[in-house]
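Student: I have a chain on my screen. Can we read it together, piece by piece?

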Amino acid sequence: MHRLYENEYIVIFWNSAKCYHAKKCVTGSPATFNPNNKPWINMNRAENAEIWQTVEKCPSGALTCVARHNIDVVFEPENCRSVALDGDKKIGECDFADTEDGWNIYHTDVSPEYGGKSIAKRLVYKVLEAAEKQRIAIDATCSYAVKVMNE
Ligand code: SF4
């Protein structure tokens, strides 16, 4: 399961398949990580430094985080894509084909001047999250998306 959580400054990637329940997150920032809550991650109950440091201690790599850089990533089901926005300006997208067999991500792209900010990963996660929540099979021919799915 792939999920994105974010507040104004930080984005967390959560890949449940990698978690081996060491609970470093729960003890490191109990207000943020609580498996008894839904969603189990709340980004607005602790200082960002505490959240960031806790994520960095996740031993499995199930949790990772990046700065949000004021870039919004939104899902557009009507256009079969997620898009990254710097204000009103579209600076990246992740496109998928809606087929009989499920969704297939075939293209991910971010403007070069916005490189190095993990925006492409956020775009792919946004599509993975949407597919998984709707129980739609998801695959990729986009090599970058394949890499993210196999991380
Ligand atoms: S710290 Fe990482 S491995 Fe441990 S429970 Fe939390 S997410 Fe899972």
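**Strands, domains and a ligand**

Tutor: Two strands pair if DSSP finds at least two bridges between them. Keep in mind that this is a predicted model: local features need pLDDT of at least 70, side-chain atom pairs count only at pLDDT 80 or more, and totals for chains, interfaces and linings use all residues. Residues are numbered from 1 along each chain as its sequence is written.

Student: What joins E1 to E2?

Tutor: A hairpin, through three residues. Across the pair, Tyr5 stands opposite Ile12 in E2.

Student: Which residue in E3 does Ile12 stand opposite?

Tutor: Cys65. E2 is joined to strand E3 (residues 63–67) by five bridges, and the two run antiparallel.

Student: How is the chain divided into domains?

Tutor: Domain bounds come from an automatic or database domain assignment. Here the assignment gives domain 1 (2–67) and domain 2 (72–150). Their C-alpha centres lie 22 Å apart. Six residues from domain 1 and nine residues from domain 2 make the contact. Two residues are in contact if their C-beta atoms, placed from the backbone, lie within 7 Å.

Student: Which strand gives the largest share of the side of domain 1 that touches domain 2?

Tutor: E1, with three residues.

Student: What is the strand order in the open sheet of five strands?

Tutor: E4-E5-E6-E7-E8, with mixed pairing. Strand E4 (72–76) and strand E8 (138–140) are the edges, and each pairs on one side only. E4 and strand E5 (residues 81–86) run antiparallel, with five bridges. Within E5, Arg81 is the bridge partner of Glu76.

Student: Where does helix H3 lie?

Tutor: Helix H3 (residues 119–133) lies across E4, E5, strand E6 (89–99), strand E7 (102–110) and E8. H3 runs at about 35° to E6. Such angles run from 0 to 180 degrees between N-to-C directions, and the axes are lines fitted to C-alpha atoms, for helices over the stretch in contact.

Student: Which residues surround the ligand?

Tutor: A residue is near a molecule if its C-beta atom, placed from the backbone, lies within 6 Å of it. The residues around the ligand include Cys19, His21, Lys23, Cys25 and Cys58.

Key: Helices (H or I, at least four residues) and strands (E, at least two) are DSSP runs, numbered from the N terminus.
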